[in-house]
Amino acid sequence: MFRHDRKVYFITDLPTVAVYPVRTPFTVVENTTNINMNCKVTSANPNVTSYKWYKDGLDIATVATYTISTVHRSDTGIYTCDATNSVGSSTSSSAVQLNVLYGIEISSIMENQPIEGGVLNITCSGQSNPAMRDNDVIWTKQYNNTFGMKGQRLVVRNVNRIDSGIYICSVVIQLNPNFGQPVTVTGTTTAKVDVLCKYYVYV
């Protein structure tokens with residue numbers, strides 16, 4: 001009688017993972033709710049026992065699916081994950097860039113007092129993502145239906161006393177995410193202008 005010993009070999013392997021959604025940058029509007037990012041294991045032997053998520057290289061969670069309940073601009077960043085089994089940890093996954101769009105926050109403008117005959121120069125600025133552009137900005141003047149200028153800078157040369165008044169900076173920005181619906185955001189601020197008279201003394 002012959003006896004045959006069978007040898008059974010188990011092939012083990014580190015986990016291989018990928019991040020979903022695959023689209024990057026993954027663009028959403030601020031205050032969007034329930035954003036899910038999945039750490040998907042494409043292969044592993046034995047099975048995965050733990051997960052870890054990173055944002056910009058820093059540990060943030062130990063779950064397979066990372067959920068942001070309400071998105072804020074501070075969530076903008078690069079997200080990766082890894083998975084671990086008894087063999088070891090996967091190399092970092094492909095990265096997904098989360099880009100959070102948010103509306104305009106216009107900076108206040110101090111009172112401007114140019115001298116008659118000089119130049120009125122006011123800048124309308126603020127924070128937004130995407131950044132405001134000249135085409136997004138319109139200047140108007142209170143009680144003057146004929147005045148209108150485009151651009152972040154309002155420049156009026158050779159100002160006169162009739163140029164005194166309240167100028168209004170209006171900003172309209174379109175937010176176009178690839179997750180969710182487009183959103184139009186607006187913002188306004190005012191600038192008070194008091195043109196100082198220039199007196200000439202003849203001797």
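Student: How much accessible surface does the protein have, and what share of it belongs to carbon and sulfur atoms?

Tutor: The accessible surface is about 13,000 Å², by the Shrake-Rupley method with a 1.4 Å probe. Carbon and sulfur atoms hold 51% of that surface. Please keep in mind that this is a predicted model, where local features need pLDDT of at least 70, side-chain atom pairs count only at pLDDT 80 or more, and totals for chains, interfaces and linings use all residues. Residues are numbered from 1 along each chain as its sequence is written, and side-chain values use heavy atoms, with hydrogens and water left out.

Student: What share of the contacts in the protein with a separation of 6 or more joins residues 24 or more positions apart?

Tutor: That share is 66%, where a contact means heavy atoms within 4.5 Å.

Student: Why is Asn31 called partly exposed?

Tutor: Buried means under 20% relative accessible area, exposed over 50%, and partly exposed in between (1.4 Å probe, protein chains only). Asn31 has 49%, so it is partly exposed. Asn31 sits in the loop between strand 2 and strand 3, and its phi is near 80°, a positive value in a residue other than glycine.

Student: What makes Asp56 worth a look in terms of its phi?

Tutor: Asp56 is not a glycine, yet its phi is positive, at about 50°. The residue lies in the loop between strand 4 and strand 5 (58–61). With a relative accessible area of 47%, Asp56 is partly exposed.

Student: Which peptide bonds into Pro21 and Pro46 are cis?

Tutor: The bond from Tyr20 to Pro21 is cis, with omega near 10°, and Pro21 is in the loop between strand 1 (13–20) and strand 2 (26–29). The bond from Asn45 to Pro46 is also cis, with omega near 0°; Pro46 is in the loop between strand 3 (33–45) and strand 4 (50–55).

Key: Helices (H or I, at least four residues) and strands (E, at least two) are DSSP runs, numbered from the N terminus.
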